[in-house]
Amino acid sequence: MKVRCEWAETNEHEIEYHDTEWGVPEHDDRKLFEFLILEGAQAGLSWDTILKRRENYRKAFDDFDFEKVAAYDEKKVAELLQDQGIIRNKLKVRSAVNNAKAFIETRNEFGSFDAYLKTFLPEGKPIQNSLKSMQDIPAKTELSEKISKDMKKRGFNFVGPTIIYAFMQAVGMVNDHLVDCFRHEECRKMQ
């Protein structure tokens with residue numbers, strides 16, 4: 001039997017996500033945008049709530065094509081607020097459109113959003129933690145606070161330090177798989 005991080009033992013969605021995505025270094029800008037929007041949507045909710053709606057989010061937000069999302073008008077926002085397949089929070093929906101615009105501007109400046117994120121990492125490589133229990137996993141770090149502050153200056157919202165740390169974990173900027181989890185070593189090798 002595989003040993004997993006405790007949080008990933010609740011249901012099939014979480015197990016699948018943990019075993020295949022969480023902590024894997026992601027470099028594709030569209031996927032990075034997807035995680036940024038999903039982490040913002042998750043604020044105040046469980047991650048499982050978002051995982052169950054992920055396919056609905058992909059349909060609603062044009063498969064996270066940030067160029068298309070940046071062009072959404074008030075009619076499209078109103079349509080999204082009626083979509084029962086996503087979290088229909090006005091601030092979160094508007095944030096996705098706003099963040100798509102900031103995402104594009106950041107990409108234009110750095111060549112890619114991935115290149116922007118790498119500027120925060122030592123030698124541009126993921127941070128490898130050696131955590132032994134769930135209690136050791138921080139909600140935020142100095143680095144997530146630094147990234148959050150920079151992103152807010154760039155016009156992003158729903159990017160507080162806790163959301164950004166969850167984003168960093170999801171996209172493999174930091175490896176927070178517990179040391180006894182079978183994914184810890186696998187993700188460490190994926191630098």
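A residue is called buried under 20% relative accessible area, exposed over 50%, and partly exposed in between, with a 1.4 Å probe and protein chains only. The structure is a predicted model, in which local features need pLDDT of at least 70 and side-chain atom pairs count only at pLDDT 80 or more, while totals for chains, interfaces and linings use all residues. Residues are numbered from 1 along each chain as its sequence is written, and side-chain values use heavy atoms, with hydrogens and water left out.

Side chains of opposite charge can pair when their charged atoms come close. With a salt bridge taken as a side-chain nitrogen of Lys or Arg within 4 Å of a carboxyl oxygen of Asp or Glu, the structure holds 19 of them. One of these joins glutamate 74 to arginine 94 at 2.9 Å, N to O. This pair links distant parts of the chain, 20 residues apart: glutamate 74 lies in helix H5 (residues 74-80) and arginine 94 in helix H6 (residues 90-110). Helices here are DSSP runs (H or I, at least four residues), numbered from the N terminus. Glutamate 74 is exposed at 51%, and arginine 94 is partly exposed at 34%.

Within helix H10 (residues 182-188), glutamate 185 and arginine 188 are separated by about one helical turn because they are three residues apart. Their closest N and O atoms are 2.4 Å apart in a salt bridge. A network of salt bridges links Glu21, Lys31, Glu34, Arg54, Glu55 and Arg58.

Most residues other than glycine have a negative phi. In the loop between helix H3 (47-60) and helix H4 (66-70), aspartate 62 has a positive phi near 50°. Aspartate 63, in the loop between H3 and H4, has a positive phi near 55°.

Note on methods
Helix = DSSP H or I, 4+ residues; strand = E, 2+ residues; numbered from the N terminus.
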